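Reader: I'd like to go through this one with you, bit by bit. Can we start from the picture?

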Amino acid sequence: SGVTEERRRSMSVPEGSGRAIGPAEAAAFRDAGCLVMHDFFDAAEVEAMQKHVALMVDSGYFYDQSIKPEQGVHYQLHELSQCSSLFRSLPWSAQTTAAVDALIGTPAVIHLDQSFLKPAKIGLGTAAHQE
């Protein structure tokens, strides 16, 4: 394809695993502007988040913001924390604040919390961007 291995690596998103952000993850975040942390939340926490999202969907909190509904859906919910006590508390848990401190320092301020829901096979994507 003409893309060198070095360029391919430079285009990839840095990844880590677990709850702790070490020096290597922090450096990767500073270099790339993003970081994927696998298994940051445990299975029970993920299940609780999935249940809260399903409840919010069933309650009609998400709206379809698709500009081409004939091509699929793109559900969005602004102010996620206003609809769920779980999502209101997650940013302030010890593990989350420690991770944010390691990445950007303190104090951290939440300007906007939102969620996108892109159902399998009919969900439309969002272009990559950084908040």
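Predicted model: local features only at pLDDT ≥ 70, side-chain atom pairs only at ≥ 80, totals over all residues.

Reader: Staying with helix 5: which of its residues are buried?

Author: Gln-95, Thr-96 and Ala-99. They span an arc of only 95° around the axis, so they sit on the same side of helix 5.

Reader: Why would residues a few places apart in a helix point the same way?

Author: An α-helix has 3.6 residues a turn, so residues three or four places apart point the same way.

Reader: And what covers the buried residues of helix 5?

Author: The cover includes helix 3.

Reader: New topic, salt bridges. How many are there?

Author: The count is three.

Reader: Start with Asp-42. What does Asp-42 pair with?

Author: Arg-19. The closest N and O atoms of that salt bridge are 3.4 Å apart. The pair links distant parts of the chain, 23 residues apart. Asp-42 is in the loop between strand 2 (36–38) and helix 3 (43–58). Arg-19 is in the loop between strand 1 (15–17) and helix 2 (23–32).

Reader: How accessible are Arg-19, Asp-42 and Glu-45?

Author: Arg-19 is partly exposed, with a relative accessible area of 31%. Asp-42 is partly exposed at 35%. Glu-45 is partly exposed at 26%.

Reader: What about Lys-51, which side chain does it meet in a salt bridge?

Author: Glu-47, at 3.3 Å from N to O.

Reader: Where do Lys-51 and Glu-47 lie?

Author: Both are in helix 3, four residues apart, which is about one turn of the helix. Lys-51 counts as exposed, at 52% relative accessibility. Glu-47 counts as partly exposed, at 41%.

Reader: Next, Ser-81. Where is it, and is it buried or exposed?

Author: Ser-81 is in the loop between strand 4 (75–78) and helix 4 (85–89). Ser-81 counts as buried because its relative accessibility is 13%, and the cut-off for buried is under 20%.

Reader: What does Ser-81 contact, leaving aside neighbours within four places in sequence?

Author: Phe-87, Arg-88 and Asp-113.

Reader: Tell me about Asp-113. Which loop is it in?

Author: The loop between helix 5 (94–104) and strand 5 (114–117). Asp-113 also counts as buried, at 18% relative accessibility.

Reader: Which residues does Asp-113 touch, not counting those up to four places away in sequence?

Author: Leu-77, His-78, Glu-79, Leu-80 and Ser-81.

Reader: What lies 2.5 Å from a polar atom of the Asp-113 side chain?

Author: The backbone nitrogen of Ser-81.

Reader: And how far apart are Asp-113 and Phe-87?

Author: They are 26 residues apart in sequence and 9.1 Å apart in space, C-alpha to C-alpha.

Reader: How many bridges join strand 3 and strand 4?

Author: Two, in the antiparallel sense.

Reader: Which residue of strand 4 stands opposite Asp-64?

Author: Tyr-75.

Reader: What kind of bonds do strands of a sheet pair through?

Author: Backbone hydrogen bonds, in either a parallel or an antiparallel arrangement.

Definitions and conventions. Residues numbered from 1 in each chain as written. Heavy atoms only, no water. Buried < 20%, exposed > 50% of the residue type's maximum accessible area, 1.4 Å probe, protein only. Contact = heavy atoms within 4.5 Å. Salt bridge = Lys/Arg side-chain N within 4 Å of Asp/Glu carboxyl O. Polar contact = N/O pair within 3.5 Å; in protein donor to acceptor, adjacent residues only side chain to side chain. Pairing = 2+ DSSP bridges. Arc of directions from axis to C-beta.
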